[in-house]
Amino acid sequence: MYEQEINRRRTFAIISHPDAGKTTLTEKLLLFGGAIHVAGAVKSNKIKKTATSDWMEIEKQRGISVATSVMGFEYRDFKINILDTPGHQDFAEDTFRTLTAVDSVIIVVDSAKGVETQTRRLMQVCTMRKTPVMIFVNKMDREGKNPFDLLDELEAELGIHVRPLSWPINSGAKFKGVYNIYQDKLNLYTPNKQRISETIAVDVKSNEFDEMVGEDDAEQLRNDLELIEGVYNPFSKQDYLDANVAPVFFGSALNTFGVNELLDCFVDIAPAPLPVATEERIVDPHEEPFTGFVFKIHANMDPNHRSCIAFVKICSGKFERNKAYNHIRLGKSFKFASPTCFMAQKKETVDEAFAGDIVGLPDTGNFKIGDTLTSGELLHFRGLPSFSPEMFKYIENADPMKTKQLQKGLDQLMGEGVAQLFTHQMNGRKIIGTVGQLQFEVIEYRLLHEYGAQCRWQPIPLFKACWIESDDKKQLDDFMHRKANYLAKDKDGRDVFLAESNYLLQMAQNDFPHIKFHFTSEF
Ligand code: G4P
């Protein structure tokens, strides 16, 4: 029914290690879409390096990150939604969740630095979810690694086959441009931060081509292209959609170069909204009734009102303003008078939105991460994955008069997905698990300012928390008995093993071969 609207939507995230060029690329994509008119207009959502553990500083920047949480724009006949992901690694969990709301991903890699830690970790999530990825090798205007070496590195480090669809002519000071393999066109490089360069259709074997790029470079490019055809399989869109191969483009986001090659191919091949699994059945985006789930909650725009925005990914049909929808977990009906959509950096109230779009719903604490909304049907979108945290602390009440407030605040913050809560099975104490120190500060600050509660931390030297399961009940019982001191329950009551070190984890794996130890809650 809404076929056309839904088919033209492309919802994706750009991911990268900090500083590879995610913000710059996002901005250039908006420039192409005509959503902004000058470069430099998009404020970075990243937390500046100088303020790595300064929560007040982050608080100041939160206004910015709301505005850039989702950026929609029109390009050709497509409606493109870019979901922003926080650059700071302490918010990696947020990024993981955002990846559950996209249909594809573009990875930005710095041509000199290659694959970096954050990229590797985020790619693991894409692999797990079979999300199609494209790769943009950025900063070709600087001396970088040899492109063939880089392709090998991408394959080895990211665990995916690659297929170059554009190819650089030199790099750094000698950078002359890219050859668009996908469209058989040449794009000659002129450094320019604002202008979009022209591409030329030209036969690489012609004299004209030699004149354009110089004989030596022309020869080199012909050799490179021959090698590419010899080494890599011909590009197959299906392989990309099946997440078996990642097309690679080269360019310089800062110089608005090589970006249109990427974008044109992206809209051609990237998937329109895909079916999404619920506990009950698979939901097709073209089904008429509306369904959606909350993948992100942006809290506390105004500390006095505890107001938040719940970001809902529309999975099927059409969402309409002021229409009653079923909030499945609460079993209640809700109407939304001012849902917002995001175009470039503008947030505006919308009357309708379609599968693939993200709507922001102003909320006062009714939503938790993973909540399902539908036109009526009783559905539960599969829980969003949690990943084993890296840092653990016991949380204690520092003000006995405010026990209730602490409980309420923790409940709400965990519902927003700020961190993970485990309950130790022996002593009943609460453990907060995070991916970085910053989240502890965020929790402490927000408990105090929004709930009037005070907490104290006590570090626990843990290596990982792993979700455990086994078909061998006897072995599981034995394990639970012997490791009783190291067991906790997660927020959903699932069993978690608290490993103190990698060594002890390996010992447990050896001693209990029939128990599976999972590092994510989605298995
Ligand atoms: P991020 O969001 O992935 O963290 O990266 P961001 O786009 O902020 O880019 C990080 C730095 O790399 C910025 O410089 C940016 O200007 C630069 N950059 C991005 N693309 C290119 C490129 O194609 N070539 C070159 N040479 N540099 C590029 P900065 O000095 O950290 O910030 P700024 O002061 O320029 O904003």
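Of the 523 residues in the chain, 56% are buried, where buried means under 20% relative accessible area, exposed means over 50%, and partly exposed is in between (1.4 Å probe, protein chains only). This is a predicted model, so to speak for its local features a pLDDT of at least 70 is needed, side-chain atom pairs count only at pLDDT 80 or more, and totals for chains, interfaces and linings use all residues. Residues are numbered from 1 along each chain as its sequence is written, and side-chain values use heavy atoms, with hydrogens and water left out.

**View 1. The whole chain, before zooming in.** You'll find 14 helices and 30 strands here; helices (H or I, at least four residues) and strands (E, at least two) are DSSP runs, numbered from the N terminus. Take the contacts (heavy atoms within 4.5 Å) between residues at least 6 apart in sequence: 73% of them join residues at least 24 apart. The chain exposes about 22,500 Å², and 49% of that comes from carbon and sulfur atoms. Those areas come from the Shrake-Rupley method with a 1.4 Å probe, and for residues only the protein chains shown count as cover.

View 2. The ligand has 17 residues around it, and D19, K22, T23, T24 and S252 are the closest; a residue makes the list if one of its heavy atoms lies within 4 Å. By type, the shell splits into four nonpolar, seven polar and six charged residues. Helix α2 (residues 22-32) gives the largest share of the shell, with three residues.

View 3. At A20, a polar backbone atom is 3.4 Å from a ligand oxygen. On its own the ligand exposes 710 Å², and the protein buries 70% of that.

**View 4. Helix α2 and what packs on it.** Nine of the 11 residues of α2 are buried, so the helix is largely enclosed by the rest of the structure. Among the buried ones are K22, L25, E27 and F32. They pack against β1 (9-16), β2 (70-75), β3 (78-83), β4 (104-110), β5 (133-138) and α10 (259-269). Just past the helix, G34 has a positive phi of about 70 degrees.

**View 5. Two loop residues with positive phi.** Most residues other than glycine have a negative phi. R76, though not a glycine, has a positive phi of about 50 degrees; R76 is in the loop between β2 and β3 and is partly exposed, at 45% relative accessible area. K139 isn't a glycine either, and its phi is about 65 degrees, again positive. K139 lies in the loop between β5 and α6 (147-158), and at 18% relative accessibility K139 counts as buried.

**View 6. The nonpolar cores.** The largest nonpolar core holds 63 residues, with L99, I107, I135, L154 and W167 having the most contacts inside it. Helix α6 supplies the largest share of this core, five residues. A second, separate core of 30 residues includes I14, F78, V108 and C265. A core here is a set of buried Ala, Val, Leu, Ile, Met, Phe, Trp, Tyr and Cys residues joined through side-chain atoms within 4.5 Å.

Key. A polar contact is a pair of N or O atoms within 3.5 Å; within protein, one must be able to donate a hydrogen and the other to accept it, and residues adjacent in sequence count only if both atoms are side-chain atoms. Ala, Val, Leu, Ile, Met, Phe, Trp, Tyr, Cys and Pro count as nonpolar, Asp, Glu, Lys and Arg as charged, and the others, Gly among them, as polar.
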